[in-house]
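The structure is shown below.

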Amino acid sequence: MYDIVIRNGLVVDGEGAAGIRADVAIQNGRIAAIGNLPGEARQTIDASGRVVAPGFIDPHTHFDAQLLWDGQARPALEHGVTSVIPGNCSLSLAPLRAADRQKVVGMFQQIEEMPAVAFTEKYAKWTWEGFAGYCETIAPDLAINVAPLVGHSLIRLWVMGEDSQQRAATADEITAMQVLLRQCLNEGAIGLSTSFVDVDDKARPVPSRFAEFAELDALCAVLGEDGGRMLQVVPEFYDVDITIARVDQLAELSVRHGIPTTFSPVFDSTATPTAATRILARVAEQFARGARVWPQMQTRPIDISFSLLNPSLFLARLPRWVRTLRLPLDERMAALDDAETRAVLIRDAGPDGGEATFGRLVVRGGDRAPAAYVGRRVVDIARERGQGCAEAIIDISRENGLDVAFLAANGGHHLTDRIGPMLANPLVHIGASDGGAHLSSFSTYGDTGYLFSEFVRKSGDFTLEAAVKKITADTADIWGLKDRGRLKPGYAADIVVFDADTIDRLEERPVHDVPGDGMRYIRSSTGVDVVLVNGEVAWAHGAYTDARSGAICG
Amino acid sequence: MLSAHRRFVTPQTNETIEALAARALPGEPLDAAIDRIKSYNMHIFVMRRPAGLLLGSDVVFVEPPLQ
């Protein structure tokens with residue numbers, strides 16, 4: 001008798017083959033058989049009219065912290081995501097000495113927009129220092145599979161301490177980093193991540209940026225020792241020439257050490273319309289010479305929200321705004337009331353009173369947004385108030401306890417007729433969700449549903465089977481994830497049952513479920529009926545279950 | 001065969017902008033070489049970071065954009 005049989009679904013195997021009507025049997029967490037299976041099962045799931053596919057794999061997340069208090073990685077799981085890769089962009093939560101914890105929390109706060117309070121002992125039980133300890137800490141509560149990267153900045157910080165943000169490493173230090181990386185790989189890390197672009201909460205470049213190429217080369221030699229583990233990189237994505245230079249560097253490392261590499265993000269922008277195509281052309285040249293340099297591209301348009309309750313990505317080019325928003329609430333309110341500070345902020349926003357920066361934003365509505373403003377453009381509201389746009393943003397916020405959210409919608413990467421063909425490029429890796437990060441700027445969930453609604457049903461850039469392949473078997477192959485990403489006997493029973501006609505992401509909405517009463521934006525799913533992780537039902541018909549069948553995997 | 005791309009170097013250990021300019025643009029007067037390197041690399045010399053700080057991971061272009 002099988003544990004579970006999923007009956008009568010359209011089985012899409014993840015390899016791109018046309019779907020077939022069949023049953024899928026599960027035993028001991030693995031796929032036992034696929035076909036016409038009349039035998040009995042302890043549990044039967046009726047998938048009539050539904051697609052049965054491998055669980056989706058999200059290769060670019062920052063769930064490192066969230067997994068400490070939420071082993072389901074909500075709401076990723078309900079979108080059909082059964083495996084996530086945290087630890088991207090040089091940042092992980094191990095290996096990390098107790099004395100350095102606040103330094104790394106500051107990096108997560110600055111780079112990934114995560115509240116520092118969520119990292120305090122009240123929510124995150126800091127029981128570990130080494131990589132194995134982190135994995136052991138999160139493992140018991142996992143409902144989703146986790147294939148973690150180890151961050152280069154953490155490796156460097158462990159070996160060099162404060163000097164990791166001051167200088168190049170010595171030969172002995174590089175050797176020590178190699179030993180530590182090897183240990184992390186043995187303890188569960190599936191690869192290494194690094195960053196060429198990020199700064200910490202004091203605006204200092206993160207440790208990985210102080211590494212000379214020889215250091216990265218030495219670490220990649222370790223990645224190459226055991227069949228070729230992944231190197232993930234965040235490059236200077238705002239500049240096409242630098243990104244192409246990074247593609248060339250990654251290609252060199254890939255060929256020299258026999259490793260796969262990936263970089264993220266690649267955005268399409270109408271401001272630089274040839275940038276993404278130039279990058280992809282270089283990637284194709286490097287693949288042709290044997291390198292593996294996978295560009296990650298997200299499916300969703302860039303939508304950024306912010307309020308003056310928190311610093312935001314949107315304000316990254318306005319450092320005095322960011323510094324003001326970092327003040328404690330009472331001091332922040334006082335600063336925004338202070339004529340001199342207001343004048344400086346308004347001046348920083350631009351000679352047009354901030355119209356170019358803020359004018360096209362729309363009041364999306366926080367808890368206290370005036371109803372008369374919701375859904376309207378800031379430039380129109382500002383004119384009505386007889387103010388410039390920056391002044392209006394400040395005053396509308398002050399008048400309402402700062403709890404008014406503004407939305408910059410379709411800020412790039414939003415033209416489906418351009419994005420679709422790029423996503424369908426076989427050398428493009430769908431990813432870069434940033435799940436678990438940028439909590440108060442945008443929802444990092446639902447990219448998979450959006451792939452089906454926008455690029456399968458609407459634009460037709462993908463067939464159903466090709467879309468499934470792109471976020472299952474392709475991802476597993478790129479990352480070397482064993483026994484995942486396919487519906488085949490013997491593979492892990494990570495399975496999503498969904499309605500091909502309705503699977504989608506729902507509207508972005510704020511929720512207050514971050515430890516310390518923090519806010520984040522999320523999107524719920526629609527059209528996803530059942531999600532199984534390692535053979536247990538983790539999500540069914542709109543509700544999470546108590547299953548904790550997720551695993552550290554690789 | 002790779003197509004032409006904008007040439008770059010990476011800093012050597014403890015290398016200053018002066019030393020990098022002399023290495024990357026030999027035969028050029030030093031002041032002119034420094035000015036050129038700075039003008040090609042606004043991402044390093046205009047971005048917020050301690051003055052003159054070159055990072056080991058920096059991409060430093062040694063010629064202007066090709067297109």
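## Helix α13 of chain A

The buried residues of α13(A) are covered by elements of chain A that include α12 (355–358), β15 (362–363), α14 (389–399) and β16 (406–408). Helices (H or I, at least four residues) and strands (E, at least two) are DSSP runs, numbered from the N terminus, and contact means heavy atoms within 4.5 Å. Within α13 (residues 378–385), the residues Val378(A), Val379(A), Ile381(A) and Ala382(A) are buried. Viewed down the axis of α13(A), the buried residues fall within an arc of 160 degrees, so they line one face of the helix; the arc is that of the directions from the helix axis to the C-beta atoms.

Arg383(A) and Glu384(A), on the other side of α13(A), are exposed. Buried denotes under 20% relative accessible area and exposed over 50%, with partly exposed in between (1.4 Å probe, protein chains only).

## Basis of the model

This is a predicted model, in which local features need pLDDT of at least 70 and side-chain atom pairs count only at pLDDT 80 or more, whereas totals for chains, interfaces and linings use all residues. Residues are numbered from 1 along each chain as its sequence is written, chains are lettered from A and ligands numbered from 1 in the order in which they are written, and side-chain values use heavy atoms, with hydrogens and water left out.

Tyr544(A) belongs to strand β25 (residues 543–544) of chain A. Tyr544(A) counts as buried because its relative accessibility is 17%.

Neighbours within four places in sequence aside, Tyr544(A) contacts Gln72(A), Arg74(A), Pro75(A), Leu77(A), Glu78(A), Ala538(A) and Trp539(A). With Glu78(A), the side chain of Tyr544(A) forms a side-chain polar contact (2.5 Å). A polar contact is a pair of N or O atoms within 3.5 Å; within protein, one must be able to donate a hydrogen and the other to accept it, and residues adjacent in sequence count only if both atoms are side-chain atoms.

## Interface of chains A and B

The contact involves 25 residues from chain A and 26 residues from chain B. Between chain B and chain A there is 1 salt bridge (a side-chain nitrogen of Lys or Arg within 4 Å of a carboxyl oxygen of Asp or Glu). It joins the side chains of Arg6(B) and Asp241(A) (3.0 Å, N to O).
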